[in-house]
Amino acid sequence: MTIEVNAYWEDVIGIPLRQIQGRFYYRETEISAMPDSIWLIFAGQTIRHITGAPDGEHLCLDAAPPILDLSMGTYGRMVVRDLGRPLPFAECVGAILHAVWTLESPQGHVIGIRCDFGHEAKPIILNWGDELLLTYTYPEDAKGQEIIERRIVTDG
């Protein structure tokens, strides 16, 4: 089930973030630097799954729960890890989500989100090419490209 991005974020503005998890590819002794999926868990809310679309052009959001360990045989495995300690979400767990901006490509695709948890730095989840980036700033190769930020406004 795909969830409309703005409607999902409207529902969690004003709610504390309880946990954030990421799924990483693990092969032999090496683990991927960035997750391929992220789960945000807000107080009293259903787990939501964020991933980049296979075409690399937009963000996907659904209600799929995390699969804690998925073997891929000789190709390695997928493991889920807590993302509540490393930056950029270290200070966000337990904090209330105050605002969200969608990050859109010039073609109108939602390629990411910027979150305001009441701290100066505003973490970003961005589908950039075939990577799902967790950062505070846009990647270097985004300079000169137009990324349009649109604040999601709630009715309340």
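Helices (H or I, at least four residues) and strands (E, at least two) are DSSP runs, numbered from the N terminus, and two strands pair if DSSP finds at least two bridges between them. The legends describe a predicted model, in which local features need pLDDT of at least 70 and side-chain atom pairs count only at pLDDT 80 or more, while totals for chains, interfaces and linings use all residues. Residues are numbered from 1 along each chain as its sequence is written, and side-chain values use heavy atoms, with hydrogens and water left out.

**View 1. The hairpin of E10 and E11.** The two strands of this hairpin have 2 residues between them, and Gly-129 takes a positive phi near 70 degrees. E10 and E11 run antiparallel and are joined by 5 bridges. Asn-127 stands opposite Leu-132 in E11. Of the 5 residues of E11, 4 are buried (under 20% relative accessible area, with exposed over 50% and partly exposed in between; 1.4 Å probe, protein chains only). E11 is therefore largely enclosed by the rest of the structure.

**View 2. The open sheet of 5 strands.** The strand order is E11-E10-E9-E8-E12, with antiparallel pairing. Strand E11 (131-135) and strand E12 (148-151) stand at the edges with a single partner strand each, so one side of each is left without a neighbour in the sheet. Neighbouring strands are turned by 25 degrees against each other on average, direction ignored; axes are lines fitted to C-alpha atoms, for helices over the stretch in contact, and angles run from 0 to 180 degrees between N-to-C directions. Strands of a sheet pair through backbone hydrogen bonds, either parallel or antiparallel.

View 3. E8 and E12 run antiparallel and are joined by 4 bridges. Thr-102 stands opposite Arg-150 in E12. Ser-105 lies in the loop between E8 and E9 and is buried, with a relative accessible area of 8%. Leaving aside neighbours within four places in sequence, Ser-105 is in contact (heavy atoms within 4.5 Å) with Ile-111, Glu-146 and Ile-148.

**View 4. The buried face of H1.** Val-5, Tyr-8, Trp-9 and Val-12 are buried in H1. Seen down the axis of H1, the buried residues fall within an arc of 90 degrees (taken from the directions from the helix axis to the C-beta atoms), so they line one face of the helix. Their cover includes E3, strand E4 (48-52), strand E5 (59-62), E8 and E9. Gly-14, which follows H1, has a positive phi near 95 degrees.

**View 5. The aromatic pairs.** Rings of Phe, Tyr and Trp (its six-membered ring) pair if their centres lie within 6.5 Å; planes under 30 degrees apart count as stacked, over 60 as edge-to-face and the rest as tilted. By this rule the count comes to 2 aromatic pairs. Trp-9 and Phe-42 form an edge-to-face pair, 6.3 Å centre to centre with 85 degrees between the planes. Trp-9 lies in helix H1 (residues 5-12) and Phe-42 in strand E3 (residues 37-42), so the pair ties together parts that are 33 residues apart in sequence. Both Trp-9 and Phe-42 are buried. Phe-89 and Phe-117 also form an edge-to-face pair, 6.4 Å centre to centre with 75 degrees between the planes. Phe-89 is buried at 1% relative accessibility, and Phe-117 is buried with a relative accessible area of 4%.
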